[in-house]
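Take a walk through this chain, one stop at a time. Keep the structure open as you read.

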Amino acid sequence: MHRSLYDQLTPSQRKAVFHIDGPMLVLAGPGSGKTRVITHRIASLIDSGIRPQNICAITFTNKAADEMRQRVTALGCTAGSHISTFHSLCVRILRQYAAKAQVKNSFSIYDTADQRKCIKQAVKDCELETSNFPPARMLNAISALKNNLIDVETFNVQADDFFSKRLVRIYQRYQGILTEHNAMDFDDLLMKAAFLLERHPKVCEELSRRFRFLLVDEYQDTNHSQYRITRALVSAHNNICVTGDPDQSIYRWRGADIRNILAFEKDWPDAKVVRLEENFRSAANILEAADKLISFNQNRRQKRLIPTRGLGPDIMVNVFEDEAAEAESVVEQIKRLREAEDVQLNEIAVFYRINAQSRALEEAFIKANMPYQIVRGVEFYNRKEIRDLIAYLKILVNPDDEIALLRIINTPARGIGKTTIERIAGYGASHPISFFDALKRIENIESLSKNPKAKVEQFVRMIEKFRKRSTGRVASLTESIFAESGLEKSLKDAGFEGESALENVSELINSAAQYDKSAESPSLVDYLQQISLFSDVDVYDPSSGRVALMTLHSAKGLEFENVFIVGTEDGLLPHERSYDDEDEMEEERRLLFVGMTRAKNALCISCTRYRTIRGQQLRTMPSQFIYELAIEPQPAEEQSTDDSKIADNELPHYRAGQVVIHKSFGPGVVKNFVDMGQNSVVTVRFNKGQEKSLMVKFARLTKMPGH
DNA sequence: CATAGCCGCCTTTTT
DNA sequence: GGCGGCTATG
């Protein structure tokens, strides 16, 4: 089958594909055909007689897993190899060995929003102030501990300073709450799976024998618990093949440990190392620039980036007035590409550092009626109506899921208010029962009057009724719950506001129907656990014929003819939060490197002079990375002819007292002017109150005549 | 008990 | 510029 494709592989790719036994490290640069290598490798394993179910490939995202499955099937191989993310794999393992892992297999998976609620409760239960122990930071700290497989007991022994001792208590309580709710967060999935494998040699051996060949993609972004899981899974055979690129490691903040890939040869001393250094994707000048940039990283293994293509158009580096002008220009350029060069819209992408930047772009795309698609993972499942409906489903599977229960007990409003809930919770706390069990014993709660009791009874009856039906198809169950819970009515009553919500719900029901059709053994538990991990309904669809807008992080693994990277400014890229940490600064540089190397043909990098961040307009400076690229930034082409055009070589002079108007700040009075030729600075006291020093060549001030 | 409106914290990136 | 949580009001 894929024999015919053998000739398409380069010598190094062949080494990575056909050398089968033992540990292997594939150091694959951007655009080196890594995906092809992995799929061919799986195909060649199957070809040489390995049964598909003995192969396990681990990808970074669900999307990547899907694609890989499709590609392997397309090569003519029988399906059946296990291809998934670490998290999905762990869910599967934990459910299979639930008893040994000491979990119930009906567990809920808590996302960030659920986690926040639990950590707040935990801090409160510890009688600490959330102002001194901010939930977000506590979660980060706990996440870091879990990623390093430090459980409460271990941390308790280590904790010796004031903060750590408090953190131990919060950590312990947080885990307690999760256990009471029969829930796990993302980090728990990994940690519990790792502990299961390490503490139960038989389980470890069983799985290691089942997955005789393990492949881990994006190995540079694995964290410590994933590393330990990997070690355990290959302990019986060491048939491990990892692929990755240290220069594309961009998930440090999430616990990714670049040392995993850097130390691979130490961990597996007989490892074979294959380097894929040829790049088949990008024009030579793009690679040259990317290489120049990444060379500024100190903590790095030297690596070559060998172009196989010729020069493309010059890389553009543009400076704009503000994010609106930047976005408009992007749209204008896309129009030109489309009309003059006949580029398809799905061959174009715009990357940015933070999600909030998508707004300005979106506005410009809408204004120009240009089809676009925002690629953002969690969006869909974050919508209120979706979360509500899913909460109903979760309760059926896992009645202990208090987060879900509290979410829906009065959604839509059914007369069960705050006081009632508090009294029930009080009863639940003084008896060793869960919140849901307290609901069932509502009769015994003396502090409640007749009316609320009846309401609660009605609610419990409804849930029990739903539960009886929860063994059938997920889609029809979801649909009937939507109708019978009153959610549908409340959305319909909301008028036009509820319209898009209704559409979203039908999208959810569609996805459930899809699941019913395609799952190996469909069940509600399985569906819920899957969608908790697969939060990607909005995932990028290249066939949609729209321009893709996404963060630089989401851009990993993709490629486009034309790439725009916007907001390349100090404070944004590198993000200001990385300033005081050299490692993080290097990661920011890698982020830009990843973005640049997505481009096949043309690359346009831009920054602005002013940017509105959280409602505040700030003066911004080009990113230091732009200077490292050593490409002279071009002042933006004039987009408008309305206001007084200023030629760069004849900048105006100002004198104190002169009244001027600024595009965004409005009118003001010049306080000072320093003549430095092209770099002249004017200080203006604006009527709104603020005083600003502006570069004359950027500021585009209009002089008020007569002053 | 429900709702509207206000305050404060927030978001850098995601499985 | 937005959301969650809190408060005042009907």
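The text below visits a helix, a hairpin and some salt bridges. This is a predicted model.

Start at helix H18, residues 358–367. Its buried residues are Ser 358, Ala 360, Leu 361, Ala 364 and Phe 365. They lie on the same side of H18, because they cover an arc of only 165° around the axis. An α-helix has 3.6 residues a turn, so residues three or four places apart point the same way. The other side of H18 holds the exposed residues Arg 359, Glu 363, Ile 366 and Lys 367. What covers the buried residues? The cover includes helix H17 and strands E12, E13 and E14. After H18 comes Asn 369, with a positive phi near 60°.

Next, find the hairpin. Strands E17 (610–613) and E18 (616–619) run antiparallel, joined by four bridges. Arg 611 has Leu 618 in E18 as its bridge partner. Two residues separate the strands, and Arg 614 in the turn has a positive phi of about 50°.

Now turn to the salt bridges. The whole structure has 47 of them. One joins the side chains of Glu 218 and Lys 34, at 3.5 Å from N to O. This pair links distant parts of the chain, 184 residues apart: Glu 218 sits in the loop between E6 and H13, and Lys 34 in helix H3. Glu 218 counts as buried, at 10% relative accessibility. Lys 34 is buried too, at 16%.

Another salt bridge joins Glu 559 to Lys 600, at 3.8 Å. Here Glu 559 is partly exposed, at 38% relative accessibility, whereas Lys 600 is buried, at 16%. Finally, salt bridges with shared partners join Lys 34, Asp 217, Glu 218, Asp 221 and Lys 556 into one network.

Notes: Residues numbered from 1 in each chain as written. Chains lettered and ligands numbered in written order. Predicted model: local features only at pLDDT ≥ 70, side-chain atom pairs only at ≥ 80, totals over all residues. Heavy atoms only, no water. Buried < 20%, exposed > 50% of the residue type's maximum accessible area, 1.4 Å probe, protein only. Arc of directions from axis to C-beta. Contact = heavy atoms within 4.5 Å. Pairing = 2+ DSSP bridges. Salt bridge = Lys/Arg side-chain N within 4 Å of Asp/Glu carboxyl O.
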